[in-house]
Amino acid sequence: MATIGILGVGGLAGLMLRGWQGSGHRFILSPRGAEASARLAAEFGCDRADSNQAVVDGADAVFVSLPAATGADELARLRFRPGQPVLSAMAGTGLTRLQQAVGPARAAVGMMPGYANAYRLGPSILCPDDGFWHEALAHVGPVHALPDEAQFTAAATFGALSGASIWWMAHVADWFAAQGLDRATALALVAGTLRGNAEVLLREPRPVGDICAGVTTPGGITLQLLDHLGGKGALEAWDSGLDAVLRRIGGGKG
């Protein structure tokens with residue numbers, strides 16, 4: 001198996017390392033954030049390099065989760081090998097900019113939720129469909145390879161959706177707890193309902209519109225809640241919120 005270097009050892013790196021355990025890959029961590037780097041190295045049995053350049057030199061492939069504001073500039077100061085696979089998970093850093101920074105390496109961009117990948121359940125998106133990274137990401141959840149950067153950029157907004165959905169589930173669980181339910185029961189009820197319904201959409205062969213119609217009885221409580229949310233603009237707010245995220249991350253696609 002390959003040696004994967006990790007540049008940027010924040011929260012995402014730790015979650016990916018959890019999911020990658022048992023993959024057979026070896027990992028080298030960058031020294032930036034010495035305390036976090038030392039903790040992750042001890043927890044997951046990784047090596048630590050003395051510099052970011054040493055990470056690149058010692059790795060077959062490099063996973064980048066540096067701060068998005070400065071990451072591309074940091075990469076441009078490093079020397080990569082021809083064809084070395086480099087995957088960036090920095091939101092807003094487009095494929096063209098990444099390739100310029102890491103050339104002559106082989107650049108790809110990706111997005112993943114993080115927490116779900118730690119449990120090997122989180123989907124990842126990848127552009128282009130790099131064979132090395134497709135295999136590596138498949139160990140932490142399903143991989144969706146996208147044919148062009150425009151589709152990747154649109155799909156990458158799911159990173160915001162992922163985090164927002166955690167907050168939404170916690171908020172709704174708080175409502176149930178306020179009605180007198182035990183907090184653990186409330187959270188299990190909300191998360192279990194969403195997990196079950198997600199499996200319906202993934203497994204049910206009928207069109208999504210038919211499934212929606214099937215769970216919405218005329219005059220029933222589902223329609224009551226949908227009408228209330230629609231009247232408050234709650235559903236449309238998801239569209240406008242995702243539009244705003246897309247505008248933000250789309251600015252770096254070149």
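**Close-up 1. Leu-75 and its neighbours.** Leu-75 touches Leu-7, Val-64, Leu-66, Phe-80, Met-90, Leu-98, Ala-101 and Val-102, leaving aside residues up to four places away in sequence; a contact here means heavy atoms within 4.5 Å. A word on what you're looking at: this is a predicted model, where local features need pLDDT of at least 70, side-chain atom pairs count only at pLDDT 80 or more, and totals for chains, interfaces and linings use all residues. Residues are numbered from 1 along each chain as its sequence is written, and side-chain values use heavy atoms, with hydrogens and water left out.

**Close-up 2. The nonpolar cores.** The largest nonpolar core has 29 residues, and those with the most contacts inside it are Leu-7, Val-62, Val-64, Leu-75, Phe-80, Val-102 and Phe-152. Helices (H or I, at least four residues) and strands (E, at least two) are DSSP runs, numbered from the N terminus. H5 gives the largest share, 4 residues. There's also a second, separate core of 27 residues, including Ala-13, Trp-20, Leu-29 and Ala-108.

**Close-up 3. The sheet, strand by strand.** Here 8 strands line up as an open sheet in the order S3-S2-S1-S4-S5-S6-S7-S8, with mixed pairing. Two strands pair if DSSP finds at least two bridges between them. At the edges sit strand S3 (47-48) and strand S8 (143-145), each pairing on one side only. S4 and strand S5 (residues 85-88) run parallel over 3 bridges, and Val-64 stands opposite Ser-88 in S5.

**Close-up 4. Strand S7 and its two partners.** On one side, S7 pairs with S6 in the antiparallel sense over 3 bridges, with Cys-127 in S7 as the bridge partner of Val-109. S7 is also joined to S8 by 3 bridges, this time parallel, and Ile-125 stands opposite His-144 in S8. Which way do the side chains of Ser-124, Ile-125, Leu-126 and Cys-127 point from S7? Ser-124 and Leu-126 go one way and Ile-125 and Cys-127 the other, and all are buried.

**Close-up 5. Helices against the sheet.** H5 lies across S5, S6 and S7, running at about 135 degrees to S6. Helix H7 (residues 131-138) packs on the sheet too, touching strand S1 (3-7), S4, S5, S6, S7 and S8, and its direction makes about 55 degrees with that of S5. For these angles, axes are lines fitted to C-alpha atoms, for helices over the stretch in contact, and angles run from 0 to 180 degrees between N-to-C directions.

**Close-up 6. Aromatic pairs.** Rings of Phe, Tyr and Trp (its six-membered ring) pair if their centres lie within 6.5 Å; planes under 30 degrees apart count as stacked, over 60 as edge-to-face and the rest as tilted. By this rule there are 5 aromatic pairs. The ring centres of Phe-132 and Trp-133 are 4.9 Å apart and the planes stand at 90 degrees, so this pair is edge-to-face. Phe-132 counts as buried at 18% relative accessibility, and Trp-133 is buried at 0%. Trp-175 and Phe-176 also make an edge-to-face pair, because their ring centres are 5.0 Å apart and their planes at 85 degrees; Phe-176 is partly exposed, at 25%. Trp-20, Phe-27, Phe-63, Phe-132 and Trp-133 form one aromatic cluster.

**Close-up 7. Arg-18 over Tyr-119.** The charged end of Arg-18 sits over the ring of Tyr-119, 5.2 Å from its centre. To count, NZ of Lys or CZ of Arg must be within 6 Å of the ring centre and within 35 degrees of the ring normal.

Close-up 8. Most residues other than glycine have a negative phi, and most peptide bonds are trans. A cis peptide bond joins Gly-103 and Pro-104, with omega about 15 degrees, and Pro-104 is in the loop between H5 and S6. Another cis bond links Cys-127 and Pro-128, with omega about -5 degrees; Pro-128 lies in the loop between S7 and H7. Arg-120 has a positive phi, near 60 degrees. Arg-120 is in the loop between helix H6 (115-118) and S7, and counts as partly exposed at 38% relative accessibility.

Note on methods:
Buried means under 20% relative accessible area, exposed over 50%, partly exposed in between (1.4 Å probe, protein chains only). A nonpolar core is a set of buried Ala, Val, Leu, Ile, Met, Phe, Trp, Tyr and Cys residues joined through side-chain atoms within 4.5 Å.
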